[in-house]
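Please have a look at what is on the screen, and then I will go through a few of its residues in turn.

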Amino acid sequence: KEQNGLLLYITSDQKMRYDRIRARQEKPDEFGISWEKFVEQDNAPPQISIRRIGETMADIIIENKGTVEEFEKRIRTFLKQYRLL
């Protein structure tokens, strides 16, 4: 913000993020992760800090709660609104 930047926070429902991580399995610790383990990781101090910053300081919040196409549309709208596209 000090350099005329924007803070964009992208958020999604916890269950949806869990389902996406299980489907994606990009990182070794994501393979077969249980709901309990995911919730434990999601409630760790770094994640809580990220949410707190995003929810209280972000200039723009985009909810990623639908399809990839819907998310891309929201991102394009954001980019056009701020003349970044």
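What you see is a predicted model, in which local features need pLDDT of at least 70 and side-chain atom pairs count only at pLDDT 80 or more, while totals for chains, interfaces and linings use all residues. Residues are numbered from 1 along each chain as its sequence is written, and side-chain values use heavy atoms, with hydrogens and water left out.

Let me start at the surface, where Lys65, Lys73, Arg74, Arg76 and Lys80 gather in a patch of positive charge. A patch here is built from residues with over 30% relative accessible area and no salt bridge, with like charges joined within 9 Å and nonpolar side chains (Val, Leu, Ile, Met, Phe, Trp, Tyr) within 5 Å. Of these residues, lysine 73 belongs to helix H4, which covers residues 68-81; helices (H or I, at least four residues) and strands (E, at least two) are DSSP runs, numbered from the N terminus. Lysine 73 counts as exposed because its relative accessible area is 56%, where exposed means over 50%, buried under 20%, and partly exposed in between, using a 1.4 Å probe and protein chains only.

Next comes asparagine 64, which sits in the loop between strand S2 (60-63) and H4. Is asparagine 64 buried or exposed? It counts as buried, because its relative accessibility is 16%. Setting aside neighbours within four places in sequence, asparagine 64 is in contact (heavy atoms within 4.5 Å) with Ile10, Thr11, Ser12, Met16, Arg20 and Phe71.

Another buried residue is glutamate 30, found in the loop between helix H1 (14-24) and helix H2 (35-42). Glutamate 30 has no salt bridge, and the nearest side chain of opposite charge, arginine 24, is 4.4 Å away; a salt bridge requires a side-chain nitrogen of Lys or Arg within 4 Å of a carboxyl oxygen of Asp or Glu. Apart from neighbours within four places in sequence, the contacts of glutamate 30 are Ile21, Arg24 and Gln25.

Finally, I turn to backbone angles. Asparagine 4, in the segment before strand S1 (8-11), has a positive phi near 60 degrees although it is not a glycine, and it is exposed at 74% relative accessible area. Arginine 83, in the segment after H4, is likewise not a glycine and has a positive phi of about 55 degrees, and its relative accessibility of 76% counts as exposed.

Key: Areas by Shrake-Rupley, 256 points an atom, 1.4 Å probe, with all protein chains shown as cover. Lys, Arg positive; Asp, Glu negative; His and termini not counted. Charge placed at Lys NZ, Arg CZ, Asp CG, Glu CD.
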